[in-house]
Amino acid sequence: MPNRLFALLAGIDRYANSEQAPPLRGCVADVEGSYALLTSRFGVPPAQVRLLTARLDQSEPDEARASRANLLRGWQEHLGQAGSGDLVFFHYSGYGSQARSLDPAGPGGFEPTIVPSDSRTPGVFDLTAQELAALSRRIEGRGAQVIMLLDCCHTPGSARRIASEAGAAAVRRCPPDGRLRPPESLLRDEAATDAGPTPAKHGPSGWLPLGRHVLLAACRDGEVAYEYEAPDDDGWRGAVSYFFQQMLAASPPGITWAQLHDAILAQLHAVYPGQTPQLEGPSHLEVFGSAGRERTSFLLVQEVESQEYVRVNGGAAAGLTPGSRLALYPP
C-alpha cells in the first residue's frame, strides 16, 4: 500500500501590515499549482491537503487564511496525523525575513523567519526557523518523512526597495522585525533538553539545521528569491515554485530530489543567474516516495464523446503528452 502524504500549502499575497510587507503577486498561484499537482498526478486525497492563503481580495474564510495561528494548527493538527512511513509536505510562498532571536548566541541577534499574513501586528510574530525545526522534529519523532519547499529568502533588506512597476514586490523579502519578543510567544521545542539546544550545522540556505528532513529552499543565504512572469500565461509566480511544478509534471516516476533539483537549477539560472536554489537533506530519496505510485497507474474515463473520443481525468500533470498511448478496460 502506498504511503500516505499529508500536505500544508501556504501562499500569501496580502499582509495585514502592508507598510512592512507590501503585496506580492504569485504566492497564492504557487500553492494552488502544488495542490493541483498533488491531487492529480500523485493522487493525494483532497482531505489530506490543507490550503491556506491570503488573497488580495481577502476572499478566503478566516479558518483558511495563512495566519500564524492557522499555520501552527496546520502543522500540529493536520500534518500531525502522519505516522510511521508517511510523508509530510510543507510548501510556503510569501515573505521571508529575520526577527530578534531569543538565543543570545544567535548570529547578530537575529534568526530567519517566514512571515504569516497577520504578522507584524500587535502581539503577532513571525514563525522562526527554530519553530519550524521544532514542528518538523515532532513529526519526525512519529516516524514520518518531512519535506519542505520554502519559496522566500531571509536576507536583510527592504521589500519596497526592489519593487515592480505594478507596485508589488519583485523579491520575497521584507525588513527584519526588531521587536523584543516575549519568551512565552515562542513555540517550545519539546525535544530540547534543560542543558539548552545542541549546536547544529546549517546548510547553505541558512534556514534549518541539517537533519532528516528534505528542504528545497529558494536560494542560498545572502541571495534573494524572485517572482517570475511565466511565459505560458500563468501570470506571476515564485520562480522556484514555478520550475518545481513544471519539472515535476514532466518528470518520469521515481525521480529523486537530487535529479529534480538539478533540473530546477538549470531552468532557473537561465532566468535569474543570481538565484541558486538549495537542496538540503537526504537528496537520494524519491520525490514524494511512493505516495502516488499506485494511484498514477490508471486514469478514470469521465466521458465518451463518440466511438473515437474519450475524456479522462488526467493531463500534463499526470504525465500525458501528445502521442501518449492508453489502454481501455471495463469497470
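I began with the sheet. Six strands form an open, mixed sheet in the order β2-β1-β3-β7-β8-β11. Strands here are DSSP E runs of at least two residues, and helices are H or I runs of at least four, both numbered from the N terminus. Two strands pair if DSSP finds at least two bridges between them. β2 (49-54) and β11 (278-280) stand at the edges with a single partner strand each, so one side of each has no neighbour in the sheet. The twist averages 10° from one strand to the next; axes are lines fitted to C-alpha atoms, for helices over the stretch in contact, and angles run from 0 to 180 degrees between N-to-C directions.

The model is predicted: local features need pLDDT of at least 70, side-chain atom pairs count only at pLDDT 80 or more, and totals for chains, interfaces and linings use all residues. Residues are numbered from 1 along each chain as its sequence is written, and side-chain values use heavy atoms, without hydrogens and water.

Next I checked one pairing. β1 (residues 5-12) and β3 (residues 87-93) run parallel, joined by seven bridges. L8 has F90 in β3 as its bridge partner.

Then the helices. α1 (residues 27-40) lies across β1, β2, β3 and β7 (145-151), at about 160° to β1. α4 (residues 239-250) lies across β3, β7 and β8 (214-217), at about 130° to β7. Contact means heavy atoms within 4.5 Å.

Last, I looked up V304. V304 lies in β12 (residues 301-304). V304 is exposed, with a relative accessible area of 57%; exposed means over 50% (1.4 Å probe, protein chains only).

How values were computed:
Buried < 20%, exposed > 50% of the residue type's maximum accessible area, 1.4 Å probe, protein only.
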